[in-house]
Amino acid sequence: MIQAILVFNNHGKPRLVRFYQRFPEEIQQQIVRETFHLVLKRDDNICNFLEGGSLIGGPEYKLIYRHYATLYFVFCVDSSESELGILDLIQVFVETLDKCFENVCELDLIFHMDKVHYILQEVVMGGMVLETNMNEIVAQIEAQNRLEKSEGGLSAAPARAVSAVKNINLPEIPRNINIGDLNIKVPNLSQFV
Amino acid sequence: MSDIVEKTLTALPGLFLQNQSVGGPAGVKASFSSRLGGLVRGITALTSKHEEEKLIQQELSNLKATVSAPATTLKMMKECMVRLIYCEMLGYDASFGYIHAIKLAQQGNLLEKRVGYLAVSLFLHENHELLLLLVNTVVKDLQSTNLVEVCMALTIVSQIFPREMIPAVLPLIEDKLQHSKEIIRRKAVLALYKFHLIAPNQVQHIHIKFRKALCDRDVGVMAASLHIYFRMIKENPSAYKDLTGSFVTILKQVVGGKLPVDFNYHSVPAPWLQIQLLRILGLLGKDDQRTSELMYDVLDESLRRAELNHNVTYAILFECVHTVYSIYPKSELLEKAAKCIGKFVLSPKINLKYLGLKALTYVIQQDPTLALQHQMTIIECLDHPDPIIKRETLELLYRITNAQNITVIVQKMLEYLHQSKEEYIIVNLVGKIAELAEKYAPDNAWFIQTMNAVFSVGGDVMHPDIPNNFMRLLAEGFDDETEDQQLRLYAVQSYLTLLDVENVFYPQKFLQVMSWVLGEYYYLLDKDTPEEVLTKLYKLLMNASVSSETKAWLIAAVTKLTSQAHSSNIVERLIQEFTISLDTCMRQHAFELKHLRENVELMKSLLPVDKSCEDMVVDASLSFLDGFVAEELSQGAAPYKPHHQRQEEKLSQEKVLNFEPYGLSFSSSGFTGRQSPAGISLGSDISGNSAETGLKETNGLKLEGIKKLWGKEGYLPKKEGKTGDETEAPPVPQESIIMETVDQTLIKKDQCQVLTQSKEEKEKQLLASSLFVGLGSESTVNLLGKADTVSHKFRRKSKIKETKSGETTSAHNRTCSYFSSSSNATYEDGYYLDTLQDRGDKELNKLSLNSGLLDSESLTELPSVEKLSNCKLSSSPSLFTDNSMEGFQPSQSTALSVANETSLAASLLEETSEHMHSDLVEVCHNETISLSSFKIWKDDCLFMVWSVSNKSGLELESADLEIAPAENFKG
């Protein structure tokens, strides 16, 4: 079972925090911090698995993480999950985000926190992997989006706003996200971090 | 930046519409017009934590005002909720919004509802009281015709749902299993799984529906049901063996590419599904040949198909290997799996290497040669920059440790230990080192030094068993008395050196061990006075950083030493110092010491030298007062009532309102767990003096196995013959009444195996040879795990009185102590063999003949067995599932009080009467010897008690007891 899914940036600012096991608020924050420090210490060229920190249950739990440009995606799982399987699940999740947001970047995660949560809900439900098929996930999200449109243009506005922002040419930063093997190049939005 | 925030705060929902203004940095600014945007910008621009906090607090108070204002529309509420979620994610308390989140989920339209549900699932937890308010909404939404609403309701149910409200939604969700949309069915399955997790008894009746889900025409639903099956099979594999065929068929279809292409991931068909299925098969096939045979084909196929070079195929391969090694072995598959492991280990990809090591660790017990093949890789991994890889490597080495490679492996572990800071890593590693050191230590110096390292690094975080075991080991010694003395002497010397070092702080536990060892074994140094060590202990006692618990240990050591040298100024000073101490415990100790010093004879008898592992019999039942009590009773004194009985009576007299439910009276429920006050005995511990017993009471208190003299009705009349020998026992420490058996000759240490490993560090090749020595070549494949085929240096003496945890051994302790007091060793041999079904009962095994001993193969190798207390035991391992067989030899020291066999048997039966037992049956006999047996059923094990008695008056030199294999037994 997946115990928690944490996304934070290179500075440890949480971008998505989802626990499937109950921890008190303070502990949740500590776990995010602890996990961040555990992950930060590690180079990019060493393995993507870690033993959970003391707060989340020690060696019984594995932290499986991927680092994409400015963001760390960390899944905390128990022994019933396959490490490599989860590693690919993270990839699926990020690719799905990319599809839904058209070139995802850290900004999307901030301004569409709710939407990211909905996408995540289609992938992992209550700690169990629900769907791993990207097309299926996207289809679900699109069904929800249609609903959104039918509800009226107002709420759709922020989405357009951000996509507009993304299309602005900020001179210094490359904006393409390349879902290659491992590295998504997310713009380095220095003013936001 | 705060001006921007303010600007955005004043601007309200209409701002969304401004987003068209695009172009240049100014446009960027303007388009972040949602208030969340403003908040985020505000936060990210801040430089200090303090400012962030201020900003968020301000934001929260604004939100608070907004959400509670009656004019706030649901749409605005939705916007507020997202901001609240953001604040909560950053760790700020937004509890005022919880109720509004629930309201939003109740009242909003679809979009608002969605936000409401999300907020609820993020804010609340299963036991939150507000959650009850949501139940109605969930029920309503589950009945909705709108698919999205149903989906949302199912999602929330699977995230958080109050356990006691499950019945309210259960039928609705069950209905959803028949829904026409597969996504609904799938979510319903997962929701039911969640119920199974939090309240298994509530979903018991729908197991049949899970089976239906498994056969669902949609793959997604089937995959979802695998979560449930994985869990249930893990809990109880035998109940689902009939499904093996189905799982195999499913896997075959998946592997064979029968699924729609949609399910492919990087052209691998449904990899996660395969992983899940392989795990399930692994669980089902474990130790079950017939079931395993069903899956050989499909596993072979999986191994063959998974050859693409993508991450996820490796995931499948890894699971395959794991499954192949979990199920009943098949050589072809094992071969292929071993090849796969090789691929993993040799892979340049670090993730795969890690998994390869993990797989190696897993299979090493079945196939040690595999480690030999990859020894060079393992050596490289030992110096890998990634600490995780290193740790996994150490784990692997831990499993292949034997007497030959112990020094190298432990050295590597200690190196790692010194680098790591994580507490749980230290605890874990320290435990392993201590275990290995105890098992395989090559010599005394090495052992003591390793343990010193363990104590100084592990300090106060390590498991308390480690120092306890260490002290017991020293106290009880091994086969050879001079060897024991040397070890003790070495320990004393090394501690004295350690204490000489200035300005070093040792962990409290380490100091405690030191003080105990110095107190017990300082005399081995053969110095006239212990002045030197007393000075050191005194210095420690005056040290402020030493905890008061440690001080108690220190003063106990001083007390012991004082008995050897009574005219010491230091002791004088110490007594003066501490008799006025504010610490009452220390004051007590100091006074005890003071008074003991005045009576040297008493002190010597109370603190005998090197008697730490002698048993101390404390007559906790105070039976020597029996006469007095009887006299008082006859003179009309009221019988003693235990505390609880008095309270009970008081309560009944007071006639207060009874708040207890009927039928739950105090006597039956409230106090059943409580023992009568007489049932306390100071457990046999390694301590041999009063100062020590005080400290060790915590682990020495034994609340069972003592006769009940005092019951609720007061004093219980004596049972004939039962209390007899107890009353005779004087309440002072006496020579151990229980003889050691089976001790002398267990297995000779093979010291020839101790390697000279000093030069081996330079080359890895050599390192490898030292690490992997003793592996594989002798083909000692042992399926029973890491068995003790290698002789242990520090083999514990088998001691009957070694009752580490008093509660488990109480029953047989009684029996054996009875043996010892009621029969004479030269005439009768009582063999008390017990077969313990339960491996958990390891505690009982301490006195067991060694596991290696009963192994038939090692039995033939070891001639020394014959010396085993003058009797030969030959038995087949199949009889004793975990090789625990115990022999008790009655003591010689006590007088022969019961001579004939019948009375012995009768009293034996009486001793064990509280357990179910069979009658005493005479198995065979002739003129001189008769053998009888009976069984005792305890909660967790079955004891076979064999008693051999000598009917003639002649002395028996030896007795051979041969136990045939189990098949013969049945007849």
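**Ground rules.** The model is predicted, so I took local features at pLDDT of at least 70 and side-chain atom pairs at pLDDT 80 or more, while totals for chains, interfaces and linings use all residues. Residues count from 1 along each chain as its sequence is written, chains are lettered from A in the order in which they are written, and side-chain values use heavy atoms, without hydrogens and water.

**Interface extent.** I looked up contacts (heavy atoms within 4.5 Å). On chain B, 77 residues touch 73 residues of chain A. Next I took the buried area (accessible area, 1.4 Å probe, that two parts lose on being put together, summed over both). The two chains bury about 6,800 Å², with 62% of it on carbon and sulfur atoms.

I count a charge as over a ring if NZ of Lys or CZ of Arg is within 6 Å of the ring centre and within 35 degrees of the ring normal. Arg114(B) lies over the face of Tyr118(A), 3.8 Å from the ring centre. Within chain B, Lys432(B) sits over Tyr398(B) at 5.1 Å.

**Salt bridges.** The rule asks for a side-chain nitrogen of Lys or Arg within 4 Å of a carboxyl oxygen of Asp or Glu. I find six across the interface of chain B and chain A. One of them joins Lys358(B) to Glu83(A), with the closest N and O atoms 2.5 Å apart. The chain B side that touches chain A divides into 43 nonpolar, 17 polar and 17 charged residues.

**Aromatic pairs.** Rings of Phe, Tyr and Trp (its six-membered ring) pair with centres within 6.5 Å; planes under 30 degrees apart are stacked, over 60 edge-to-face, the rest tilted. The whole structure holds 20 pairs over all chains. Tyr506(B) and Phe510(B) are edge-to-face, at 5.5 Å centre to centre and 90 degrees between the planes. Buried or exposed? I call a residue buried under 20% relative accessible area, exposed over 50% and partly exposed in between (1.4 Å probe, protein chains only). Tyr506(B) is buried at 14%, and Phe510(B) is buried at 1%.

Technical notes
Nonpolar A, V, L, I, M, F, W, Y, C, P; charged D, E, K, R; others polar.
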